Amino acid sequence: MRLLPELTPETTAFWTGGERGELLITHCDACDHAIHPPELICPKCLSRSVTPKPASGKGTILTVTVNHQPWMPGLEVPYALAIVALDDQPHVRITSRIVGIAPDEVAIGMPVEVTFEQVEDVWMPQFRPAGA
Ligand SMILES: [Zn+2]
């Protein structure tokens, strides 16, 4: 058993874009503000016209913690949980597991790229060291 994010009209693109290998970040059609976590109304200009657009998926680790306690069933410990800034949308911050590297080797400033783990109907964005 594992808790999955709820798919709502505003979050479905983010959680299912991985099916096509895309990290979809919602943008405002009026002012191009990147809205994350996604919402159906732009918090900057209050436009109701928003569109998910693919990001490059490349980012940089801002902070990282190594967790030794499982916070949900089915999660192997220890694991590295990081806040990642997207290189092409630096003010967008995504909290994500870092995979493909030993948790204690994950470092602040490390370049990473998105990868996805499918669990049922959700493609969980995760990040791994860039070029790995
Ligand atoms: Zn806007």
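**Overall layout**

I read the elements along the sequence and got the pattern α-β-β-β-β-β-β-β-β. That is one helix and eight strands. Helices (H or I, at least four residues) and strands (E, at least two) are DSSP runs, numbered from the N terminus.

I noted that this is a predicted model: local features need pLDDT of at least 70, side-chain atom pairs count only at pLDDT 80 or more, and totals for chains, interfaces and linings use all residues. Residues are numbered from 1 along each chain as its sequence is written.

**Dimensions and packing**

I looked up the radius of gyration, taken over C-alpha atoms; the globule rule is 2.2 Å times the number of residues to the power 0.38. For 132 residues a compact globule would come out near 14 Å, and the protein has 15 Å, so the two agree. Along the principal axes, the C-alpha atoms fill a box of roughly 40 × 35 × 25 Å.

I then checked burial (buried: 20 or more other C-beta atoms within 10 Å of a residue's own; exposed: 12 or fewer; partly exposed: in between; C-beta atoms are placed from the backbone). Of the 132 residues, 27% count as buried.

**Sheet and hairpin**

For pairing I used the DSSP criterion of at least two bridges between two strands. Three strands form an open sheet in the order β2-β1-β3, with antiparallel pairing. Strand β1 (residues 23–28) is joined to β3 by six bridges. I traced one of these residues: Cys-28 has Val-50 in β3 as its bridge partner.

Next I went to β5 (residues 79–86) and β6 (residues 89–98), which pair antiparallel over seven bridges. A hairpin connects β5 to β6 through two residues. Ala-85 has Arg-93 in β6 as its bridge partner.

**Backbone exceptions**

Most residues other than glycine have a negative phi, and most peptide bonds are trans. I listed the departures.

The His-36 to Pro-37 bond is cis, with omega near 0 degrees. Pro-37 lies in the loop between β2 and β3. Val-77 and Pro-78 are also joined by a cis bond, with omega about -5 degrees. Pro-78 sits in the loop between β4 (58–67) and β5.

Which loop holds Leu-46? The loop between β2 and β3 does. Leu-46 counts as exposed because it has 10 C-beta neighbours inside 10 Å.

Glu-120 has a positive phi near 55 degrees. I found Glu-120 in the loop between β7 (111–119) and β8 (122–129). With 7 other C-beta atoms within 10 Å, Glu-120 is exposed.
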